[in-house]
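Please look over the sequence and the structure below before reading on. The report that follows goes through some surface, ring, sheet and charge features in turn.

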Amino acid sequence: MTQKVAVLGTGKIGEALLSGMIRGGWPPADLLVTARRPERAEELRTRYGVTPVTNAEAAKTADTLILTVKPQDMGTLLDELVGQVPADRLIISGAAGIPTSFFEERLAPGTPVVRVMTNTPALVDEAMSVISGGSHATADHLAHAEEIFGSVGKTLRVPENQQDACTALSGSGPAYFFYLVEAMTDAGILLGLPRDKAHDLIVQSAIGAATMLRDSGEHPVKLRENVTSPAGTTINAIRELENHGVRAALIAALEAARDRSRELASGKKD
């Protein structure tokens, strides 16, 4: 952990990563940050003891550059970095939809690039980060990315051609669960429960179900069947979900998210 790491465009995910790295043992003195607003950079310095720099300074100073700006802003950021980044720097991109070739074509020949899709549970150290290497990334580069993102959750290596699917499933995934909890809370209110009690019931049920999925080793169908007794309440609810096409709607939603990830890669903004 003697290498300097710079987080460029330090928003919520970038800050969560910084915080996790510090808890994981990275000295704040080895962490650099850039931010669009000077007051934001100063806030990060005060909170974590890290060093605010410009994007150009980060490119010249850090061994690893983690680019956490929005996909639509990545081209502008790279315009700033062109000619500033030596070929021995590791570039880690956290932008949905943008392939490693996008960076390799714009930076010095041979620059190693690693693509990472993480998600917002990084804020509570429960992220799922999916990692793919570009054409110049070595096993050591991938291991270094895993070490960084492992500080805020789990990591998984996949071929880059699976990244758009992972973005749809995991990168956007927390929003689907929040949406489901929101709908179930409304249903609880309709059934006569106060909002706070409906919320607590659903959230704890979700935590328990997720823990069982993670720790039991059972297939989700088996776990669902264990709750579903003949002619009982659960099977009636499942029947209504199937009648309303919830499974098909989820598949269509994930396909739409995957397609949008591909559009972002092509530069389409709206």
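## A surface patch

L241 is found in helix α11, which covers residues 233–243; helices here are DSSP runs of H or I with at least four residues, strands are runs of E with at least two, and both are numbered from the N terminus. This is a predicted model, in which local features need pLDDT of at least 70 and side-chain atom pairs count only at pLDDT 80 or more, while totals for chains, interfaces and linings use all residues. Residues are numbered from 1 along each chain as its sequence is written, and side-chain values use heavy atoms, with hydrogens and water left out.

L241 counts as partly exposed because its relative accessibility is 43% (buried means under 20% relative accessible area, exposed over 50%, and partly exposed in between, with a 1.4 Å probe and protein chains only). Together with V246 and L250, L241 forms a nonpolar patch on the surface, with about 240 Å² of accessible area in total. Such patches are made of residues with over 30% relative accessible area and no salt bridge, nonpolar side chains being joined within 5 Å and like charges within 9 Å.

## Rings

The count comes to one aromatic pair, for which ring centres must lie within 6.5 Å, with planes under 30 degrees apart called stacked, over 60 edge-to-face and the rest tilted. F102 and F103 form this edge-to-face pair, at 5.6 Å centre to centre and 80 degrees between the planes. F102 counts as buried because its relative accessibility is 19%, and F103 counts as buried at 1%.

## The sheet

An open sheet of eight strands runs in the order β3-β2-β1-β4-β5-β6-β7-β8, with mixed pairing, where two strands pair if DSSP finds at least two bridges between them. Its edge strands, β3 (51–52) and β8 (153–157), each pair on one side only. Strand β2 (residues 31–34) pairs with β3 in the parallel sense over two bridges, and P52 in β3 is the bridge partner of V33.

## Salt bridges

The structure holds 20 salt bridges, each a side-chain nitrogen of Lys or Arg within 4 Å of a carboxyl oxygen of Asp or Glu.

| Salt bridge | Closest N to O |
|---|---|
| R260 and E263 | 3.1 Å |
| R239 and E240 | 3.8 Å |

R260 and E263 both lie in helix α12 (residues 246–266), three residues apart, about one turn of the helix. R214 counts as exposed because its relative accessibility is 54%. Elsewhere, E15, R40, E43 and R47 are linked in a network of salt bridges.

Note on methods
Accessible areas come from the Shrake-Rupley method with a 1.4 Å probe; for residues, only the protein chains shown count as cover. Rings of Phe, Tyr and Trp (its six-membered ring) pair if their centres lie within 6.5 Å; planes under 30 degrees apart count as stacked, over 60 as edge-to-face and the rest as tilted.
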